[in-house]
Amino acid sequence: MALCYRGNKENEAYHIVRFIENIMTDRKQVVDLFCGGCSIACALPKRFNVIANDSNPYLMSMLYAMKNDLITNMPVPVDEAFYNERRKEMLSDYPTIKHDSDLLKTAKDDRETLVKRAYIGWAAYARSSGDFMSSFCGRRKGSAEDKTFYRSRMIKETVNTIKENNIELACVDYASFQTNTPTVFYCDPPFARRSSYPSTSFDTEAFFKWCFAMRDKGHTILLSEQTAPEGFKLIRGGILNGVGSSLFLLV
């Protein structure tokens with residue numbers, strides 16, 4: 001089970017994971033580059049070396065802190081007062097963050113900040129419907145307390161799978177992700193021309209350039225998107241939550 005997250009690929013996980021298994025061959029690791037709710041990372045076989053990465057510092061701090069038992073007293077349900085206080089902290093904290101290095105690595109020496117961000121992540125994902133930036137950045141408020149029992153259980157089950165499968169966690173902007181290991185990158189970025197958030201933006205054209213550059217370095221790029229430029233081969237077409245979501249392989 002994956003946690004609530006916008007664009008979650010849980011319903012498509014079986015097909016995506018089967019294809020990744022078929023193309024691993026000489027690849028040594030799989031990177032779920034925009035892991036979000038971790039539906040793909042958690043569905044991959046335990047025998048694979050898996051890295052779940054996302055640039056959202058609150059999501060990844062929460063998963064890291066819970067995986068490593070740095071915090072065990074997350075409030076359930078998440079009441080409105082707790083949610084609003086964490087939202088205020090996020091609005092002051094987010095502008096200070098630089099995304100050009102792995103925030104989890106730098107935060108290991110600053111447990112106070114890591115834990116603070118973990119609580120912000122908990123408030124967002126336990127109370128909102130997984131659309132974190134919309135909820136915390138002003139598009140709409142978090143949902144009712146009674147839903148946080150179910151959502152908190154989903155978060156804990158996701159963390160348990162991350163522990164059991166020994167999934168490595170990272171928090172870095174995709175363009176700054178560094179590896180010399182032959183890798184299958186599974187990429188589920190914000191859909192071009194559809195996804196936008198009040199405080200962030202995503203440059204799809206720059207992302208595609210990065211894909212071609214990583215392919216030229218010997219890595220494999222697997223993409224979930226509505227459309228893709230020439231060079232990407234359509235592997236599987238499909239519909240997810242009423243939005244066309246196809247699987248492409250960069251050849």
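Guide: A residue counts as buried when its relative accessible area is under 20%. Keep that cut-off in mind while reading this predicted model.

Visitor: What percentage of the residues in the protein chain is buried?

Guide: Of the 251 residues in the protein chain, 54% are buried. The chain has nine helices and nine strands.

Visitor: How would I apply the cut-off to one residue, say I40: is it buried or exposed?

Guide: Compare the value of the residue with the cut-off. I40 has a relative accessible area of 2%, so I40 is buried, since buried means under 20%. I40 belongs to helix α2, which covers residues 39-43.

Visitor: How far apart are I40 and A13 in sequence and in space?

Guide: Sequence distance and spatial distance are read separately. In sequence, 27 residues separate I40 from A13, while their C-alpha atoms are 5.7 Å apart in space.

Visitor: What share of the contacts in the protein chain with a separation of 6 or more comes from residues 24 or more positions apart?

Guide: Such residues account for 72% of those contacts.

Visitor: Where is N165 found, and is N165 buried or exposed?

Guide: N165 sits in the loop between α8 (148-164) and β3 (168-170). Its relative accessible area is 14%, under the 20% cut-off, and therefore N165 is buried. Apart from neighbours within four places in sequence, N165 is in contact with C42, L44 and K46.

Visitor: At what angle do helix α3 and helix α6 pack?

Guide: For two helices, look at the angle between their axes and at the distance between them. Helix α3 (residues 57-67) and helix α6 (residues 111-127) pack at about 105°, and their axes are 7 Å apart. Angles of 65 to 115 degrees count as roughly perpendicular, so α3 and α6 are roughly perpendicular to each other.

Visitor: Which residues of α3 and α6 meet?

Guide: On the α3 side, the residues include Y58, L59, M62 and M66, and on the α6 side they include L114, R117, I120 and W122. By class, the residues of this contact are 12 nonpolar, two polar and one charged.

Visitor: How is empty space found?

Guide: Rolling a probe the size of a water molecule over the atoms shows where empty space is left. In this structure, the second largest pocket holds about 210 Å³ of space.

Visitor: How many residues line the second largest pocket, and which lie nearest its centre?

Guide: The second largest pocket has 13 lining residues, and those nearest its centre are D102, K105, A170, F177 and Q178. The lining comprises four nonpolar, five polar and four charged residues.

How values were computed
Residues are numbered from 1 along each chain as its sequence is written. This is a predicted model: local features need pLDDT of at least 70, side-chain atom pairs count only at pLDDT 80 or more; totals for chains, interfaces and linings use all residues. Side-chain values use heavy atoms; hydrogens and water are left out. On a 1 Å grid over the protein atoms alone, a cavity is a set of points where a 1.4 Å probe fits but cannot get out, and a pocket is an open set with protein on both sides within 12 Å along at least five of seven lines; lining residues have an atom within 4 Å of a point. Grid points are joined across faces, edges and corners, and a volume is the space filled by probe spheres set on the points. Ala, Val, Leu, Ile, Met, Phe, Trp, Tyr, Cys and Pro count as nonpolar, Asp, Glu, Lys and Arg as charged, and the others, Gly among them, as polar. Helices (H or I, at least four residues) and strands (E, at least two) are DSSP runs, numbered from the N terminus. Buried means under 20% relative accessible area, exposed over 50%, partly exposed in between (1.4 Å probe, protein chains only). Contact means heavy atoms within 4.5 Å. Axes are lines fitted to C-alpha atoms, for helices over the stretch in contact, and angles run from 0 to 180 degrees between N-to-C directions. Angles under 35 degrees count as roughly parallel, over 145 as roughly antiparallel, 65 to 115 as roughly perpendicular and the rest as oblique.
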